[in-house]
Amino acid sequence: MAVDTLLDRAGELKGQLLEFSQQPRYARVFREMLADQRDDAEGWDEGHLMLLCDSFLLEHRLHNGRIVVEEFVDARPDLSPQERQMLLGWRDVVSGVFEVERRDGPALILANLVDDLTYRTRATTGPSVFRQTPRRSFLLARLVRVDDEWMFSGPTSVLRPAERKVAVQLALEMALRMPEAVYRNPEKLAQAWALQREERQRFVRFFGTDLVVVPGSQAQRRLDEFYAFRQEETLRENREAARRAKGASAPVVELPLELVDAETVAFIYDEDDGLDFLAEFGLVEEAFADPDLVRRRRYREHVLSYLHDDSVAPTALRRLADRDADKASALFRRLLKRPRFDWVRDGEKVLRSAKADYFARPCLPTVTPVGERLAAYARR
């Protein structure tokens, strides 16, 4: 099927997908999704509701773990293999702030400020709509693939070339809020891993190790000292950055009260999971050193929270257990009431069961690089 024909068909199928989603069972789930975001509902306009609807069709997981577009494809045995492939490909939505580089026949050539990639993009309504998007304007949009090209999906907002500062700020916020959008670009993903390795080496140079435990009352001060050291090293290595940052203070990352009020806080900079902060690490560390302590409620509750809290990466428990596998086995026998538990044999299974959501997510760096085009605009 030619791209023009497939694009026309894509417009038809998108309308049919929307109609399919109006069934009561989907409408009910959509209302639930809106209710989950009710705290942010003030100020919603029609465009935002259209955005949420598009996300619901192509990205939102239903109670059975599936997506509406997947069930639509299953319900349509009349679809051709090419149409099925296209519809299922729409689950991979590209969100971004796109700069219009030029017209190319019936398409726009768009440069995404978020991922630094270029997209040849069509509109199902035809190229006449592009009169509203002059060169160097910016589009807040979502794209889905149609064969080797892309088409707009959901609402699109247009910013004039003179509104570049607004576009840059929106792109920076999106890169920080949705780093996976940056990592669509393999070069940016590789750069992010390299940056994370460099950051971890700085952490180790400052603290002498990649895992340090401090009193909660000292946690904020020690973190501020690290970031001051980090800035000093960075500016010493980069003269241009030093010139731009002359007189600027080190960035401040404010720790939440639950950390500064804790007896102890662990700073851990793992190669894969990046920098993390763990409250009451000292208690959990003591329990691994003396498994009898889990008979006490306080110790037991904190070890269980490390096990079942999905925001706590399994790295911390692995490291504590690897110090003495026999003691780790004894601890989990008492904790889980499993007299035959053996950490070497059963430890990873327990972690994967307790932290299923963590293991279901792809392993991505926690450092997000800024694209070259976006960085150049931000410097201006």
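A disulfide is a pair of cysteine sulfur atoms within 2.5 Å. The exercises below apply to a predicted model.

**Exercise 1. Cysteines**

State how many disulfides a search of the whole structure finds, and classify Cys53 and Cys363 as buried, partly exposed or exposed.

Solution. 
1. The search over the whole structure returns zero disulfides.
2. The classes need two cut-offs: buried is under 20% relative accessible area and exposed is over 50%, with partly exposed in between.
3. Cys53 has a relative accessibility of 19%, so this residue counts as buried.
4. Cys363 has a relative accessibility of 48% and therefore counts as partly exposed.

**Exercise 2. The chain as a whole**

Describe the secondary structure of the chain, its span along the principal axes and the share of its residues that count as buried.

Solution. 
1. The chain has 18 helices and nine strands.
2. Its C-alpha trace spans about 70 × 55 × 40 Å along the principal axes.
3. Buried residues make up 42% of the 380 in the chain.
4. Among contacts with a separation of 6 or more, 63% join residues 24 or more positions apart.

**Exercise 3. The largest cavity**

Find the volume of the largest cavity, the elements that each supply at least two residues of its lining, and the make-up of that lining by class.

Solution. 
1. One cavity of 30 Å³ or more is present in the structure.
2. The volume of the largest cavity is about 50 Å³.
3. Its lining includes Ile268, Asp270, Asp273, Gly274 and Asp276. Leu278, Val312, Ala313, Thr315 and Ala316 also line this cavity.
4. At least two lining residues come from each of strand 8 (264–270), strand 9 (274–279) and helix 14 (315–323). Strand 9 has the largest share, three residues.
5. By class, the lining divides into five nonpolar, two polar and three charged residues.

**Exercise 4. The second largest pocket**

Give the volume of the second largest pocket and name the element that gives the most to its lining.

Solution. 
1. The second largest pocket holds about 1200 Å³ of space. It is lined by 35 residues, and Leu51, Glu59, Ser95, Arg142 and Met178 are the closest to its centre.
2. The elements that each supply at least two lining residues are helix 3 (46–58), strand 1 (94–104), strand 4 (138–146), helix 6 (164–177) and helix 7 (179–182).
3. Helix 3 gives the most, with six residues.
4. The lining has 16 nonpolar, nine polar and 10 charged residues.

**Exercise 5. Nonpolar cores**

Identify the residues with the most contacts inside the largest nonpolar core, and list the contacts of Phe332 beyond four places in sequence.

Solution. 
1. The largest nonpolar core has 29 residues, and Leu278, Phe281, Phe288, Leu331 and Phe332 have the most contacts inside it.
2. Elements giving two or more residues to this core include strand 8, helix 12 (281–289), helix 13 (297–308) and helix 14.
3. Another core, of 27 residues, lies apart from the largest one; Phe20, Tyr26, Leu87 and Met151 are among its members.
4. With residues up to four places away in sequence not counted, Phe332 touches Phe288, Leu307, Lys337, Phe341 and Trp343.

Conventions
Residues are numbered from 1 along each chain as its sequence is written. This is a predicted model: local features need pLDDT of at least 70, side-chain atom pairs count only at pLDDT 80 or more; totals for chains, interfaces and linings use all residues. Side-chain values use heavy atoms; hydrogens and water are left out. On a 1 Å grid over the protein atoms alone, a cavity is a set of points where a 1.4 Å probe fits but cannot get out, and a pocket is an open set with protein on both sides within 12 Å along at least five of seven lines; lining residues have an atom within 4 Å of a point. Grid points are joined across faces, edges and corners, and a volume is the space filled by probe spheres set on the points. Helices (H or I, at least four residues) and strands (E, at least two) are DSSP runs, numbered from the N terminus. Ala, Val, Leu, Ile, Met, Phe, Trp, Tyr, Cys and Pro count as nonpolar, Asp, Glu, Lys and Arg as charged, and the others, Gly among them, as polar. Buried means under 20% relative accessible area, exposed over 50%, partly exposed in between (1.4 Å probe, protein chains only). A nonpolar core is a set of buried Ala, Val, Leu, Ile, Met, Phe, Trp, Tyr and Cys residues joined through side-chain atoms within 4.5 Å. Contact means heavy atoms within 4.5 Å.
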